[in-house]
Amino acid sequence: MSAHFRNTMTWLHTWMGLALGFVLMVCFFFGALSVFDREIDRWAIPQTRFEPQPLPSFDRLLLPVLQRVEPDQHDYAANMPRLHDPTKGPMTPRLELPVDEYWMYTTHRDPVLAMGVGFLVPLPKDPDAHNHIHARTTVDPRSGAVVPDDALKIGSHWFYPMHYSLNWRWRDIGIWIVGLAGFTMLVSLVSGVIMHRRIFREFFTFRPDKHVKRSALDLHNLTGVVALPFHFFFAFTGLLIFASYFYFPVSHTLLEPLHRQHEVLEAQAAGLPHKRSGIPAPLASVDAMVAEAKRRWAARDMAGEVGFLKIHHVGDANSFVSIYRAGSDRVALVGEGIHFKAATGEVLREDPPRSAVSEINEFLTGLHLQHFEHWLLRWLYVLGGLLGCVCIATGFIFFVEKRKAVHAKAGGQGSRVVDSLAVTTVTGMVIAAVGMLVVNRVLPADMAGKGDWEKLAFWGIWVLAMLHAFVRSGPLARGGINPAWREQCWALAMLCFAAVVLNALTTGDHLLKTVFSDPYWPVAGVDLSLLATAGIAVWAARKLALRERGAVKTIPSEVTTRAAEAANV
Amino acid sequence: MARQRAAFAHPTRRLLILIPGSYAFTWGFIALGVTGLVSLGVDFHEAETAMMLLAFLVFPSLFLWAFASPRPGRAMALLFGGAAFMVSAAWAIQRGLLV
């Protein structure tokens, strides 16, 4: 392999890795937390701390709830002007929009049910487009009681979307940035492998007693190589999941005519009406359809529960009910769809087994989204995600360590900026996440707009952590260590401890209860993880204090050349 | 030619041109792949799924090849030219498939 080739790969790995590494930290960390997103929801919303329930009666309990759901105000304000055609008549008021679809989604880990409604836009600009104003609701399946919107699901509706969209949905720009970061991860993994001459040896090389630069690089290589298939796989499948809708929306742009033509043909072939007929019709018993679906799955030797249910063209003669099986016992998400005529309950279609290409896609995306019930594998996913975080963080540390002495001599601020950003996206990010949980316990449960305050607290705490990192970064200009690392470790430990104590005080679900006397592992798991984090943060803070005290003597200057850069790896 | 090469030599500039270039080529690859497969009788969604699976293998590989190429001008021409050709071909095939 030529030196030129290796040097270009080194440049790419260093600079793309640095620029997008800050985004990748967010993806890997919040992705790791997302494995237990529903458990974090239980911690954040104490009224939902009960065991997952069997699906209640749709006809008696869930349909009445859906019929009371109103179109979301934000969705209406944002999208009605875009979808409505003013030349056809006045805009229909929000509360008069007709219902078009109902859906319901459940997982084996969720005690509560997520449900939603799609409302039609009566006078749309493009009648063939998907003209819906949406609404969502969450219910307690034991009683049909609605969980208020103000109660933010910190796990599944904040940490989880953070990892794929940075919670920045303006024109989906966050999703695009994450896409670029995912692309960078693939490029960095491949270029990282190309840069390294002795990749197999790196599985077993970690010299913690050497200078920080050497041990940071050892750990960077180790964590990169040990979980290389995991890192590559998650970046690849993450991009794949959003590929057809966001990253390469070829079917919705260049090939939209062909796509639409196909959808109509597909609906005709399946016998599932693509459009409303305009003739009203009642809804037969959905509970009977659910029972029939379960009977048919059992007859195919795959007895299971309902994972997803959708009613299309509500109230119309063309209405049909699609019932999908939950995939908690295998990798693919939901499948084995059975479709019923809504007015009569007769089976219109049973989805055939998937083709090879579909199976591969479902398997790959299902491995990423892991809705399956396998606790060991889920914890291994968390470990993989955290190894990814260590890989990226040690990359930052190595970058700074390699250059700070040179920059100090030359009076440059580059290492100082990178190090401050590293503090922000390593300790700062974790502080923001835990701080949000603390705020969640401090604010009253019935507070209006509680979720919005929690989100504001998250961003505010993170910005404060960033300011702290920059303000304290002075020593880097002299080739030293930023004390913000140590200080934020202490702050994190205190916040973790506070979160656990506050949970015990505000809900009575302390660890002795949730582990021993009345076990409830979702909450116990979060509390124990917070305590473990506090322990690691204290250990790190003390190590850093020792290192800072020991780093008083001047660090010899180093001049790196391109050859030395290549040799260092 | 030498001035072009010098302008393109800086790695940051190469990066900023070759990421869109590889993206465009991959877009064309997907479009041509989908329309080609559909014209051979493959179901549309199957064709789309198959091309998406290939896209994220093609995209980074293409980018890495182009970035490391000792003739960056040729790489750029191949990427953008190839994209234009494939998009046009896909458009033409689509017109033939629409009823």
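A residue is called buried if 20 or more other C-beta atoms lie within 10 Å of its own, exposed if 12 or fewer do, and partly exposed in between. Keep that in mind as we look around this predicted model.

Is A:V212 buried, exposed or partly exposed? It has 16 C-beta neighbours inside 10 Å, so it counts as partly exposed. Now look for A:E401: this residue is 189 residues away from A:V212 along the chain, yet their C-alpha atoms are separated by 7.3 Å.

Next, the strands of chain A. Strand 1 (residues 99-105) and strand 2 (residues 113-120) run antiparallel, and 6 bridges join them. To see one pairing for yourself, find A:E101, whose bridge partner in strand 2 is A:G118. Strand 2 also pairs with strand 3 (residues 132-139), again antiparallel, through 8 bridges. Here you can pick out A:V117, which stands opposite A:A135 in strand 3.

Finally, let's see where the two chains meet. How many residues does the contact take from chain A and from chain B? Chain A gives 30 residues, and chain B gives 30 residues too. Sorted by class, the side of chain A that touches chain B has 20 nonpolar residues, 10 polar ones and no charged ones.

Key:
Residues are numbered from 1 along each chain as its sequence is written. Chains are lettered from A and ligands numbered from 1 in the order in which they are written. This is a predicted model: local features need pLDDT of at least 70, side-chain atom pairs count only at pLDDT 80 or more; totals for chains, interfaces and linings use all residues. Two residues are in contact if their C-beta atoms, placed from the backbone, lie within 7 Å. Ala, Val, Leu, Ile, Met, Phe, Trp, Tyr, Cys and Pro count as nonpolar, Asp, Glu, Lys and Arg as charged, and the others, Gly among them, as polar. Two strands pair if DSSP finds at least two bridges between them. Helices (H or I, at least four residues) and strands (E, at least two) are DSSP runs, numbered from the N terminus.
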